[in-house]
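Subject: Handover of a structure and notes on its features

Dear colleague,

Please find below the structure that I am handing over to you.

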Amino acid sequence: QEIERGESSDLGGLKVRELITRASVRAISDAPFLGHGPGQFVVAFPPYRDPQEIELSTHQRIVGAETEVEHAHSDLILALFETGCLGGITLLFLLLHALSSIRRALSRGDDTEAGLGLGLAGLLVVSFFHAPLLHHPFTSALGFVLLGATSITVHNTSLRSTRWLSIALAVLL
């Protein structure tokens, strides 16, 4: 119907994500320390929705009904929204650990480890735009498997504490 009216076929994806992020930041400021609760994004987010985002999401009401926003489209925003600063800091440490694991995996010269590191790197990049680590069950499982695989080393036994740090951060998150 949009195309028949001679309007652009752009669905406003980037603008929708920008508006969701802005609304999420407002919501985070209302519960900065502990957040709105794990798994509560869908329930807690509606009062913060921007009317412009609703119009864009429903394609100027062509859809016929208001749709809900299921996640924040960013793992960092989702962690801050649901678990506050505590969850955000935990996710930050987990991301730093992941970056360190990726760097080690790429520097060892082993093609298998490099492949695992690159897979984890790709998943982390996407996590800033679509929340795959915290929202989607399959990709979160895959992400933590890749994190574990890149954290373990057979070349240096002094990195055992790295494995336990990864496990502790994942459990806390």
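This is a predicted model: local features need pLDDT of at least 70, side-chain atom pairs count only at pLDDT 80 or more; totals for chains, interfaces and linings use all residues.

The protein chain contains seven helices and zero strands. Here, helices (H or I, at least four residues) and strands (E, at least two) are DSSP runs, numbered from the N terminus. Read from the N terminus on, the order of elements is α-α-α-α-α-α-α. The chain has 173 residues, of which 39% count as buried. Buried means under 20% relative accessible area, exposed means over 50%, and partly exposed lies in between (1.4 Å probe, protein chains only).

Residues are numbered from 1 along each chain as its sequence is written, and side-chain values use heavy atoms, with hydrogens and water left out.

Salt bridges

A salt bridge is a side-chain nitrogen of Lys or Arg within 4 Å of a carboxyl oxygen of Asp or Glu. By this rule, the structure has four salt bridges. Among them is the pair Lys-15 and Glu-18, whose closest N and O atoms are 3.8 Å apart. Both residues belong to helix H1 (residues 13-30) and are three residues apart, about one turn of the helix. Glu-18 also forms a salt bridge with Arg-22, and there the closest N and O atoms are 2.7 Å apart. Arg-22 and Glu-18 both lie in helix H1 as well, four residues apart, which is again about one turn of the helix.

Glu-18 is partly exposed, with a relative accessible area of 31%, and Arg-22 is partly exposed, with 49%.

A further salt bridge joins Arg-49 to Glu-53, with the closest N and O atoms 2.8 Å apart. Both Arg-49 and Glu-53 are buried.

The cavity

A search of the whole structure finds one cavity of 30 Å³ or more. On a 1 Å grid over the protein atoms alone, a cavity is a set of points where a 1.4 Å probe fits but cannot get out, and lining residues have an atom within 4 Å of a point. Grid points are joined across faces, edges and corners, and a volume is the space filled by probe spheres set on the points. The largest cavity holds about 50 Å³ of space.

Which residues line the largest cavity? They are Leu-94, Leu-95, Ala-98, Leu-120, Leu-124, Leu-133, Gly-143, Phe-144 and Leu-147. The elements that give two or more residues to this lining are helix H4 (75-107), helix H5 (111-130) and helix H6 (137-151). By type, the lining has eight nonpolar residues, one polar residue and no charged residues. In this division, Ala, Val, Leu, Ile, Met, Phe, Trp, Tyr, Cys and Pro count as nonpolar, Asp, Glu, Lys and Arg as charged, and the others, Gly among them, as polar.

Ile-89, Leu-92, Phe-93, Leu-96 and Leu-99 make a nonpolar surface patch of about 500 Å². Patches are made of residues with over 30% relative accessible area and no salt bridge; like charges are joined within 9 Å, and nonpolar side chains (Val, Leu, Ile, Met, Phe, Trp, Tyr) within 5 Å. Accessible areas come from the Shrake-Rupley method with a 1.4 Å probe, and for residues only the protein chains shown count as cover. Leu-96 is found in helix H4 and is partly exposed, with a relative accessible area of 46%.

Ile-77 is also found in helix H4. Ile-77 counts as buried because its relative accessibility is 13%. The C-alpha atoms of Ile-77 and Ile-20 are separated by 9.9 Å, although the two are 57 residues apart along the chain.

Arg-103 has its place in helix H4 and counts as exposed, at 54% relative accessibility. Arg-103 and Thr-150 are 47 residues apart in sequence and 9.3 Å apart in space, C-alpha to C-alpha.

Finally, His-73 lies in the loop between helix H3 (51-57) and H4. His-73 has a positive phi of about 65° although it is not a glycine. At 16% relative accessibility, His-73 counts as buried.

Yours sincerely,
A colleague

Key:
On a 1 Å grid over the protein atoms alone, a cavity is a set of points where a 1.4 Å probe fits but cannot get out, and a pocket is an open set with protein on both sides within 12 Å along at least five of seven lines; lining residues have an atom within 4 Å of a point.
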